[in-house]
Amino acid sequence: MIEIGEDGRTWLLSGPTSSYALRLTDLDELLHLHWGPRITLADAESLAALPGPPYRPFESRLDGREEYPVEGGPRFVRPALSVRTQERRGTEWRFGAYEADGDELRLRFADDGLGITLHYRMRGDVVERWVTLANEGPSLELLRADSATWTLPQRDGWRLSQLHGRWAAESRLARSPLTYGEKVIGSRRGHTGHQHLPWVALDSGASEERGEVYACALGWSGSWRICVAQLPDARVQISGGAGYDDSGLLRLEPGESFTTPVFAGLWSDGGFGAASRTWHAYQRAFVIPDADQDRPVLFNSWEATHFDISEERQRELARRAAEMGVELFVVDDGWFGARTSDRAGLGDWTPNPDRFPQGLKPLADDVHALGMQFGIWVEPEMVNPDSELYRAHPDWVQFQPGRTRTEFRNQLVLNLARPDVQEYLWEQLDGLLSSAPIDYVKWDFNRCFTDAGWPGEPYPQKLWVEHVEALYGLLDRLRAEHPGVAFESCSGGGGRIDLGVMARTDQVWTSDNTDPLDRLAIQHGFSQIHPARIMAAWVTDSPNAQLNGRISSLRFRFVSAMAGVLGVGGDLAGWSEAELVEAREWVDLYKEIRPVVQRGDLYRLRPPEGGLSAVQYVHGDETVVLALLQAQRHGEPVAPLGLRGLDPSAAYECRETGDVHRGAVLLHHGLRTGLRGDFDAAVIRLRRM
């Protein structure tokens, strides 16, 4: 809902429980009024009538109060917008008009031919913000164009939450007191990155289920930056957008425009748990394609075969996977070109004639005959120097003239900003998806930008933005032409996870780390912002030969992976008959609880900090609890689990035991897990009677 003051200069956006208000002064200064509990338009206008801060030497009366600070004029905070022309730098804008169109509010400003439109949209209790910059004047350079600046109310003792990590250790939750100055996180790698997810949350004493939480998330899959600043007067502002630094984002010629990615924010008074559930509901409703359709159980061949791929071995794995109840069989790296190792073949997206002499169709047909869907792995944005593509077009990669072309994993980055590269990839991928009944594509991205040059281009910096826009365009075009094909975003694990890529893919690969114990912390951090519906998780072999050699039971591995979109990635040829039978039972159980896990409301009952870890999902009348006992001292009892999100007046049937518990008893006394001895993991199911 959008409400507008009588003079047309106060705007109020409201969701079910929260409101967002802003005010334009007579001097065309756009001021932030309120973000928090739901208020009325009269409340917003009363806030607008309050006097401003007193004059203080060496301080600006606008700093910490402006809705979208620009560079120039009486401002000293970090600008959200920095513009340079041949004559000058900075912005001196004037208000033009506003438009309230459905659920979107647009505020239009102008400065010497540059049109600046601030967009607002309330979706539930999530506020989406973005900016459109349209140039109708002389050529100009966008040094910085953030999507939004968020202003928080004054509180004592703000605390910052962020998700940090590295390869195979992504999404680690860290919380620390916010101090004066700026805290900057981001990526200068050309993709979202393993090091930080583009999300922050601030609180001043919240717990998992109580207290105010403010959180923001950026929808951009390239280099990005979020800056959290505590100003001298203790006010806090959060700015964020595409690009890491201010060295140059884009050049806009007359008639050209740029639309920033969405920077979304929410306020919650139900603690971190309620904030997460709001994020999850928002993504299922407005971001994730076909989120009402549950994702299938998949098998991926990578850890079973690596590059040693043959059509017959894939068929044998497919047969075993089908017997286990798997619904989607995926052939990973090694099916194309001269790809017998990571040293060759990237860029040549045609089946290897020795391994697949008749193409992929015979194998795909066999997989379909077994009752499964068929998927493949690709890495379209990369090329090996040892490839037919690179030999034909060595100028198609990012490189700096006269400099060594840096290789990671023996590969270079294609300059996707080039129209000819875009068209080549479209022809290759469209042809591939048309050549066989392919239902699923795992889209990987296994190295960062290092030599981001574009010889001959007058403004080569634009490739940082235009590579991502071209990626989005290619995914959008493929989805439109092949609507039955699902896509997964992967980047050496969790290196490209954000709201931007999630709007174009059906699930994401959370981490290359498939150790079930390590995964608990990764999945705990991931759940702060993203829902189980898109979180791919695999059951792989034990001992974990990929990373740490840890031994874990099949039960523990399955229950850990059932917290998201279940997959299997082990070498099924080495599994015993008993293991295969047990695995089938776990897959069958997951299919029963899948709608609750993938579509339900999440409650984090116990964090994975040692001892018992547990998560709960509530969907309609059904509840599922996944509990894992990481370690237990001899004689030490396991503390009961108190469930959440249930009706205290209702009765619930515990389907495993047939016992009937009153909801009030469950909530007051907790549910005893019974984890002891070799019983290291459990799935507890409840249905309202």
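View 1. Ala148 sits opposite Gly240 in E18. This is a predicted model, where local features need pLDDT of at least 70, side-chain atom pairs count only at pLDDT 80 or more, and totals for chains, interfaces and linings use all residues. Residues are numbered from 1 along each chain as its sequence is written, and side-chain values use heavy atoms, with hydrogens and water left out. E11 and strand E18 (residues 236-242) run antiparallel and share 5 bridges. Strands (E, at least two residues) and helices (H or I, at least four) are DSSP runs, numbered from the N terminus; two strands pair if DSSP finds at least two bridges between them.

**View 2. The open sheet of 4 strands.** Its order is E11-E18-E17-E14, with antiparallel pairing. At the edges you'll find strand E11 (148-152) and strand E14 (181-187), each pairing on one side only.

**View 3. The open sheet of 3 strands.** Here the order is E5-E10-E19, again paired antiparallel. Strand E5 (81-84) and strand E19 (250-252) are at the edges with a single partner strand each, so one side of each has no neighbour in the sheet. Strand E10 (residues 140-145) joins E19 in the antiparallel sense over 3 bridges, and Leu142 stands opposite Leu250 in E19.

**View 4. Where H4 meets H12.** Arg320, Ala322, Glu323 and Met324 in H4 touch Leu580, Ala583, Arg584 and Val587 in H12 (contact means heavy atoms within 4.5 Å). The residues of this contact split into 5 nonpolar, no polar and 3 charged; Ala, Val, Leu, Ile, Met, Phe, Trp, Tyr, Cys and Pro count as nonpolar, Asp, Glu, Lys and Arg as charged, and the others, Gly among them, as polar.
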